[in-house]
Amino acid sequence: MVATFPAAALDLKETGRYDLNRPASLDYDPTFCGLWIANEGPDAVLVTLQGEELRRVGSDLLRIKAISLEGDNLLVGDGFGKLQRLTKNGETLGPPFTLDGGFSDTEGIAIAANGDIVTVEDDPERLSWFSPTGQLKTQMNTMKLSPPLSEAQGIAIDPRTGHLLIVDDWEGSNSLYEFSSDGELLAQASLLEYGNDPEGIAIRPGSDQLFIAFDGGAQIVTFDYTPTLQPGSAPLPPGADCMMF
């Protein structure tokens, strides 16, 4: 007999929260079992899952607005269209580079499985895919979605599904959007009961855990997370988890 599984819908269950000032962008690092956080200052900081600082890195950018892991290194953005690659020790891996097409309001960045850089912007409102060197490959106007995604801030990619998770801040819908890897809108969930003004998001796939940073209240909230899956899909296997333990 072939096993069949029901469809799974996007679901969040809060599991905890802690205070952290102005967390604008997040990514989970399984090597350190921690979170890389950009807060629009000159540095990015690595913290434990309880919020204790482990290390701090800088760049040649005026500020670090967005951050993502790229393999064993970091990719950081200034929110004005410039990006730079760093080691986790803060060494630069080349000069800053500019995204193709005048992308000047980059709020969040993530790396797809094929190495593409995926970005969200809120002025104008766009979801875009770039080559690793910054050439524009495709984009979509997020205001044409139903409901519109007008103030996209943070973005994360679940490595098990390729799904994009994007938070829309208080000036938009204060919610979480889930997309397929090619940009099809799968689900939307309000975040109003958990906080206001979501800015950053990160996934810990090894434990089905999601982290969302809220500017209002200056907190990071943790969730148990279930992604949207099609009927007949098997439960997701564990992803990368804490390698230090």
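Reader: What is the nearest side chain of opposite charge to D105, and how do you know whether a salt bridge is present or absent?

Author: The model is predicted. The nearest side chain of opposite charge is R63, 5.8 Å away. A salt bridge requires a side-chain nitrogen of Lys or Arg within 4 Å of a carboxyl oxygen of Asp or Glu. D105 therefore has no salt bridge, although D105 is buried.

Reader: Where is D105 found, and with which residues is D105 in contact, leaving aside neighbours within four places in sequence?

Author: D105 is found in the loop between β9 (97-98) and β10. With those neighbours left aside, D105 is in contact with G79, V120, E121, D122 and D123.

Reader: Why is the pair formed by Y28 and F211 called stacked?

Author: The structure holds 3 aromatic pairs. In the pair of Y28 and F211, the ring centres are 6.4 Å apart and the planes stand at 10°. Rings pair if their centres lie within 6.5 Å, and planes under 30 degrees apart count as stacked; the pair is therefore stacked. Y28 lies in strand β2 and F211 in strand β19 (residues 209-216), so the pair ties together parts that are 183 residues apart in sequence.

Reader: What makes Y28 and F211 count as buried or exposed?

Author: Buried means under 20% relative accessible area. Y28 has a relative accessible area of 5% and is therefore buried. F211, at 0% relative accessibility, also counts as buried.

Reader: How do you know which kind of aromatic pair Y177 and F179 form?

Author: The distance is 6.2 Å centre to centre, with 10° between the planes. Against the limits of 6.5 Å for pairing and 30 degrees for stacking, the pair of Y177 and F179 is stacked. Y177 and F179 are both buried.

Reader: What makes β2 and β5 edge strands?

Author: The open sheet of 4 strands has the order β2-β3-β4-β5, with antiparallel pairing. β2 (25-29) and β5 (53-58) each have a single partner strand, so one side of each is left without a neighbour in the sheet. Neighbouring strands of this sheet are turned by 20° against each other on average, direction ignored.

Reader: How do you know that β3 and β4 pair?

Author: Two strands pair if at least two bridges are found between them. β3 (residues 34-38) and β4 (residues 43-48) are joined by 5 bridges and run antiparallel. Within β4, V47 is the bridge partner of L35.

How values were computed: Residues are numbered from 1 along each chain as its sequence is written. This is a predicted model: local features need pLDDT of at least 70, side-chain atom pairs count only at pLDDT 80 or more; totals for chains, interfaces and linings use all residues. Side-chain values use heavy atoms; hydrogens and water are left out. Helices (H or I, at least four residues) and strands (E, at least two) are DSSP runs, numbered from the N terminus. Axes are lines fitted to C-alpha atoms, for helices over the stretch in contact, and angles run from 0 to 180 degrees between N-to-C directions. Buried means under 20% relative accessible area, exposed over 50%, partly exposed in between (1.4 Å probe, protein chains only). Lys and Arg count as positive and Asp and Glu as negative; His and the chain ends are not counted. Contact means heavy atoms within 4.5 Å. Rings of Phe, Tyr and Trp (its six-membered ring) pair if their centres lie within 6.5 Å; planes under 30 degrees apart count as stacked, over 60 as edge-to-face and the rest as tilted.
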